[in-house]
Structure formats: structure tokens, C-alpha cells
Amino acid sequence: MKNRSFLRNMLKVALGQGVSLLSGVAVGLLLPKALSLEDYGFLKIYTLYVAYTALLHLGFADGILLRLAGRDYESLDKAKMRTYTQFFAMMQGIIGAALLMAGALVTDPDYSFIIAMLGVNMVIINLTTYYQFISQAVQRFSEYTFKNLVVAALKLCFVLALLALRYGNIAAVSYRFYIIGLNVIDFVVLAWYVVTYRSITFGKGHRLRESKADILSIFRLGIMLTVAYQVSHLVLALDRQFVSLFYPTETYALYSFAYNIITLISTMISSLSIVLLPALRRLKAEETGSRYGDFLRVVAMLVGICALCYFPLTVFIRWFLPEYAESVQYLRIVLPALMYHSGISVVMFTFCKALGENKAFFKISLLILLLGFVTNTLAQLIFATPQAISIASLITMAAWYVIAGAWVGRRVQVKMGREFAYLTVLGVLFLLCTSPSVSNWLGMGAYAAAIVAVTAVFYGKFLLEKIRKS
């Protein structure tokens, strides 16, 4: 029964993520067509810093997720939840206002606008995250799927409208207009969550003075997870930070476009982590360890297969977006880095949350952040090219996978050497198959054959056992 429930939840989330993936591919490839290279660069600078604003919920949203994970919505104390919601909304409003004032003090008009919009978006997104985490914790995944469908449709329609404005010579399209439009769409989603969860939003709650200790305990529960997530995100974004600091906006636009493709590929894989935490919270300690190896293998195989998307995408990019063709050279390097990062973010980080080991994951991520800073700095000082920074990021991801995987493996008594070897072999073969000296379609055929052969060698027995049990 539990397996069927997990599979059903997984399919619901996969549906929403699948539609988001299709919409994301369309938006990710059409949007650069609607904006100039410089405008796209400023947009990606904005999106780079949007991720950091999640830190400004100061652990409260993550604390709610950890506290409620595995609970039923009907069993929640509604009056207490109203107190949490109203307090959190007030707190985010104050921080957002401070960012708006900070933006007004900046003299550069582009960065003044970006900072101001970060303040607006921070309030909307952090409140939406709070509701999403409640939905995730109580396993109401139909809402998550519906939200993804709505957002995907709205964003696609918005980008198509921008294209019509530009190519119909109706109006000029700038990154500012797109950012404002995104905030409107995000606000629509937030409004939907507020209405859906009105029973824990509006009405009488407890007095803040009476709930002070409870609220502080939520902050304490979630702050380490929030900081650990932000540190891990900074590790992933470190190479982009270096490129944004040392290279022109146009170069950063090309580099970020490659990462935009990476994000699209990882969207489907990340759906596993959404249903994984509540499911793990309901397992006994001995069962959690046995699941770790299985999930790590499944994600490794899935991300290896997803790398096949590189080949048709490069053809499309060179045809449809020739001004972004240079980004392909970055894409082929950062895709193997995604192979490692997916195992870290989807499986290792989720298991750390389920085991209550957020502090340990934070320490590991902090160590990797330091290592990433050193490797990226050396790459810039010695080679001074974006490609060198990409390679430094790949090395950092591989080290992170080994260190985090070894720690979690010891905690659940499962070894992960085979998974690392599998990803490394696939990564090397991918780089060989995408070499400029190899034709695109020949490389695709060779890499597809490599996936089959390498998977048969490493996981043939594992797959046969799973097929027999099913």
C-alpha cells in the first residue's frame, strides 16, 4: 500500500514536472529570441540573485516542512498555523520593504531596478514556498501538480506574447518588462495558495507573545537546513558568480544560457526529492538505509540518460539561436557536473533532512564551497577563460559527490563507490562523444551505446532483480 501511495504521488509530481519541463524548454529557448543579448545577461543576473533571497525566510519555511513532514492536513492545529502564517507574512513584508529602500539608494539604474524587484519577488516567492512546503509535508501533491500546470501555461503564453510584440514591431521588449511579468505570474500563484489554505491564513490565531517559544523553535529547526541549502546552491552557482564578476554581461549571458539548459534537464529529476522526504519520514530507521542505495542508482542512471538531450539541443541552438551557439562549449562541460549534483541534491541532501543531519550536510557543503572557491580562483588566475571555470566546477562537483556520499553512506551503512565510478565513466565518455572532432549524430549514437553498455556492466544485476520482483 505504501509503495502504491508513493508511486501515485510520484506520478502526480512527475506530471506537473513534465509539463513544466515542456514549458521550460519552450520558454528557455524562445525567451533569448525575444531579448537582446545584453538584456538576457541582466535577466540572468537577476535570476542568479533571486535564489539567494530564499535565505531571507531565515529557516522558518524549512522549519515548517521538517515539523509537519508526514502529517495529515486535517490533524493540524489551524489556530496555531494561522499564527505562523500571519507572523511569517509580516516578517517577509518588512524584509521586502528594506530591499526596496536599498534598491532606491543604488545609482546604477539597472542594478537599482534588479534590487527593487528582488525585494518584491522575495516576499512573493518565500510566502509561496511556505505554502508549498506545507502542501509537500502533508502530501497534497495534486495541488503541486495543478500549480505547475498553471505556471507553465502562464509563462509560455507570456513569452509568446513578448515574441509577438518584438517581431510584430509593436513594442520593444526589455528584461525589465519580463521580470515584472514574472512577478505578476508568481503573485497569481501565491494568491491561489492563500485561497486554498485560507483556513490556516485568515481568522483568529494565538497571540504572538504566547507563541514566541514555538516560533523560535521552528526557526531553530529550519535555519540549519536553509543555510545548508544556500551554501549548496552557492557551490553550484560559484562558477557563474566568477563569470559575472570577471567577464562582460554578454559573456555571462552565454554562460548562463548553458546553465538554463541544465536547469531544464534537472527539472524532471528533482521531482523525486519532492515526494521522497515525507515518504522517508514514515519509514523505520533500518528501512531508510536500504532505500538509499536504490535511489542513488536510479538517479545516476536517469541523469546519464538525460544527458542525451545535449545532442538534439545543440543542433536546435545553432539553428534557432545562432548568437548563443558559443554556449554549447560550456554546456558540454557542465552537463557531467549535473550528473554528480543530481545525486547530491536529490538523494544525499534529502536523506540528510530525513535523518535530521542538516548540520553535518552544512559542514560538508561549507568545505566544498571553500574548495570550489580555490579551484575557480586558480582557474581564473591561470587560464582566465570561462571554459576553465567550468572545468573547475566539474572537479568541485565530483569531490562533493565523493565526500557527501561517503558520509551519508557511513550513516546508513551503504557504500557508494560503484555509483561514483558509474557517473565518472559516463561523464568521461560523454566528453569524448561531444568532442568538436566528433560529428553530432555519431557522438549521440556512440553515447547511447555507451549508456547501455556501462549500465549493463554496473547495474545489470540490480535491474534484473527489480524486474523479477515487479
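At what angle do helix H13 (residues 358–382) and H14 pack, and how far apart are their axes? They pack at an angle of about 155 degrees, with axes 9 Å apart. Before going further, a word on the model: it is predicted, so to speak of local features requires pLDDT of at least 70, side-chain atom pairs count only at pLDDT 80 or more, and totals for chains, interfaces and linings use all residues. Residues are numbered from 1 along each chain as its sequence is written, and side-chain values use heavy atoms, with hydrogens and water left out.

## The chain as a whole

The chain has 16 helices and zero strands; both are DSSP runs numbered from the N terminus, helices being H or I of at least four residues and strands E of at least two. Of its 470 residues, 54% are buried, where buried means under 20% relative accessible area, exposed over 50%, and partly exposed in between (1.4 Å probe, protein chains only). The accessible surface is about 20,600 Å², and carbon and sulfur atoms hold 68% of that; such areas come from the Shrake-Rupley method with a 1.4 Å probe, and for residues only the protein chains shown count as cover. Take the contacts between residues at least 6 apart in sequence: 86% of them join residues at least 24 apart. A contact here means heavy atoms within 4.5 Å.

## Two partners of H14

Two packed helices are described by the angle between their axes and the distance between the axes. Axes are lines fitted to C-alpha atoms, for helices over the stretch in contact, and angles run from 0 to 180 degrees between N-to-C directions.

| Helix pair | Angle | Axis distance |
|---|---|---|
| H8 (residues 208–246) and H14 (residues 386–412) | about 170 degrees | 9 Å |
| H13 (residues 358–382) and H14 | about 155 degrees | 9 Å |

H8 and H14 are therefore roughly antiparallel, and H13 and H14 are roughly antiparallel too. The classes are: under 35 degrees roughly parallel, over 145 roughly antiparallel, 65 to 115 roughly perpendicular, and the rest oblique. H8 and H14 cross in a right-handed way, and H13 also passes H14 in a right-handed crossing; right-handed is said if the near helix is turned clockwise from the far one by less than a right angle, left-handed if anticlockwise.

On the H13 side, residues including Phe361, Ile364, Leu371 and Gln380 meet residues of H14, among them Ile389, Thr396 and Trp400. By class, that contact has 15 nonpolar, six polar and no charged residues. Ala, Val, Leu, Ile, Met, Phe, Trp, Tyr, Cys and Pro count as nonpolar, Asp, Glu, Lys and Arg as charged, and the others, Gly among them, as polar.

For H8 with H14, the contact involves Ser232, Val235, Leu236, Asp239, Phe242 and Val243 of H8, together with Pro386, Ile389, Ser393, Thr396, Met397 and Trp400 of H14. These residues divide into eight nonpolar, three polar and one charged.

## Loops and a buried phenylalanine

With a relative accessible area of 40%, Ala384 is partly exposed.

Leu58, likewise not a glycine, has a positive phi of about 55 degrees. Leu58 lies in the loop between helix H2 (37–50) and helix H3 (60–68), and its 38% relative accessibility makes it partly exposed.

Finally, Phe133 sits in helix H5 (residues 109–137) and counts as buried at 17% relative accessibility. Leaving aside neighbours within four places in sequence, Phe133 is in contact with Ala61, Asp62 and Leu65. Its C-alpha atom is 8.9 Å from that of Leu66, 67 residues apart along the chain.
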